[in-house]
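Let's take a walk through a protein chain together.

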Amino acid sequence: MCKVIAIANQKGGVGKTTTTSSLGIGLAKQGEKVLVIDADAQGSLTASLGFTEPDKLEETLARVMMNVINDEETEAGYGILKHDEGIDLLPGNIELAGLEVSLVNVMSRELVLRSYIEQIRDRYSYILIDCMPSLGMMTINALACADSVLIPVQAAYLPVKGLEQLIKTIGRVKRQLNPKLEIEGILLTMVDSRTNYARDISALLVENYGNKVKIFENRIPMSVRAAETSAEGISIYQHDPKGRVADAYQSLTKEVLGNGQ
């Protein structure tokens, strides 16, 4: 059985991309067959995995989705790049920005990505989708085809407040497009555990959402080393394998695997 997880938050800079690559590679290290999909026009996931000029790639998520819209056949491995650390990547780039605009006029526009995922899902045990920082049509497409949503949230007051809108959107997609959609959990990122502030934010999160949504026990600590990985095209496991962030993502991987049991 393949599990599709959208990694989403309409705020940028909360650790979505790092979480997608670290969780994906973490799952691959546990023997899972993993595809990560870059559904953000900025191409951050693609660049952070070492494909440094996403806008020069021709076979990307945008092309795959255009093939679905135009009823054209897409070969099984079309556009998929192999990463040295054992995961597959379907890259994204600036073409997604144009695609988002043209989706407005497409029939069943929220289900274009689902059509593609249905074709390839039997080849993987996990598919992770790195969503763009908005609640636009690309993010709705990701939610419409996902089994669950993992929500990274920066340990700060405003990002936690902004969760309400995202959770409402997830509820709407569940009611109207994807009845099986669940929330995998809320993941606190960039946590500075030395401060009372981080503890206050954790308490606020539990108070507001703890009875409705799973909040991951593992929190991702603030770390300069984690920020450096994006520039180097390798994961935190290679860049700083003994560090706190690698440790936290390994624990998160086990939590996600536990959710799937």
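The largest nonpolar core holds 56 residues, and the ones with the most contacts inside it are Leu61, Leu113, Ile127, Ile129, Met138 and Ile186. Helix 6, which covers residues 137-145, gives this core its largest share, six residues. Apart from this core lies another one, of 28 residues, with Leu23, Ile25, Ile220 and Tyr237 among them. As you look at these groups, keep one general idea in mind: in soluble globular proteins, nonpolar side chains tend to be buried together. Please also remember that the model you are looking at is predicted.

Let's zoom in on one member of the largest core, methionine 138. Which residues does methionine 138 contact, leaving aside its neighbours within four places in sequence? The list is Ala39, Leu61, Met65, Leu96, Leu99, Glu100, Leu103 and Met132. You can find Leu61 here again, one of the residues with the most contacts inside the core.

Now step back to see the whole chain. Its secondary structure comes to 12 helices and seven strands. The radius of gyration is 17 Å, close to the 18 Å that the globule rule gives for 261 residues, so the chain is as compact as a globular protein of that length. Along its principal axes, the C-alpha trace spans about 55 × 40 × 35 Å. Of the 261 residues, 54% are buried.

What about the outside? The chain exposes about 11,800 Å², and carbon and sulfur atoms supply 49% of that area. As for charge, there are 27 positive and 33 negative side chains, and the centres of these two sets lie 7 Å apart.

Next, look for lysine 16, which is found in helix 1 (residues 16-29). Is lysine 16 buried or exposed? Its relative accessible area is 7%, and anything under 20% counts as buried, so lysine 16 is buried. Not counting residues up to four places away in sequence, lysine 16 touches Ile7, Ala8, Asn9, Lys11, Asp130, Cys131, Met132, Pro133 and Pro152. Take Cys131 from that list: lysine 16 and cysteine 131 are 115 residues apart in sequence, yet their C-alpha atoms are 7.7 Å apart in space.

Two loop residues show something about the backbone. Most residues other than glycine have a negative phi. Aspartate 71, however, has a positive phi of about 60 degrees although it is not a glycine. You will find aspartate 71 in the loop between helix 3 (61-69) and strand 3 (81-82), and at 75% relative accessibility it counts as exposed. Serine 108 also has a positive phi, near 50 degrees. Serine 108 sits in the loop between helix 4 (95-103) and helix 5 (112-120), and with a relative accessible area of 45% it is partly exposed.

Our last stop is tyrosine 78, which lies in the loop between helix 3 and strand 3. Leaving aside neighbours within four places in sequence, tyrosine 78 is in contact with Glu58, Glu59, Arg63, Val64, Leu90 and Tyr116. Leucine 61 is 17 residues from tyrosine 78 along the chain, and their C-alpha atoms are separated by 9.6 Å.

Conventions
Residues numbered from 1 in each chain as written. Predicted model: local features only at pLDDT ≥ 70, side-chain atom pairs only at ≥ 80, totals over all residues. Heavy atoms only, no water. Helix = DSSP H or I, 4+ residues; strand = E, 2+ residues; numbered from the N terminus. Rg over C-alpha atoms; globule rule 2.2 N^0.38 Å. Buried < 20%, exposed > 50% of the residue type's maximum accessible area, 1.4 Å probe, protein only. Areas by Shrake-Rupley, 256 points an atom, 1.4 Å probe, with all protein chains shown as cover. Lys, Arg positive; Asp, Glu negative; His and termini not counted. Charge placed at Lys NZ, Arg CZ, Asp CG, Glu CD. Core = buried A, V, L, I, M, F, W, Y, C linked by side-chain atoms within 4.5 Å. Contact = heavy atoms within 4.5 Å.
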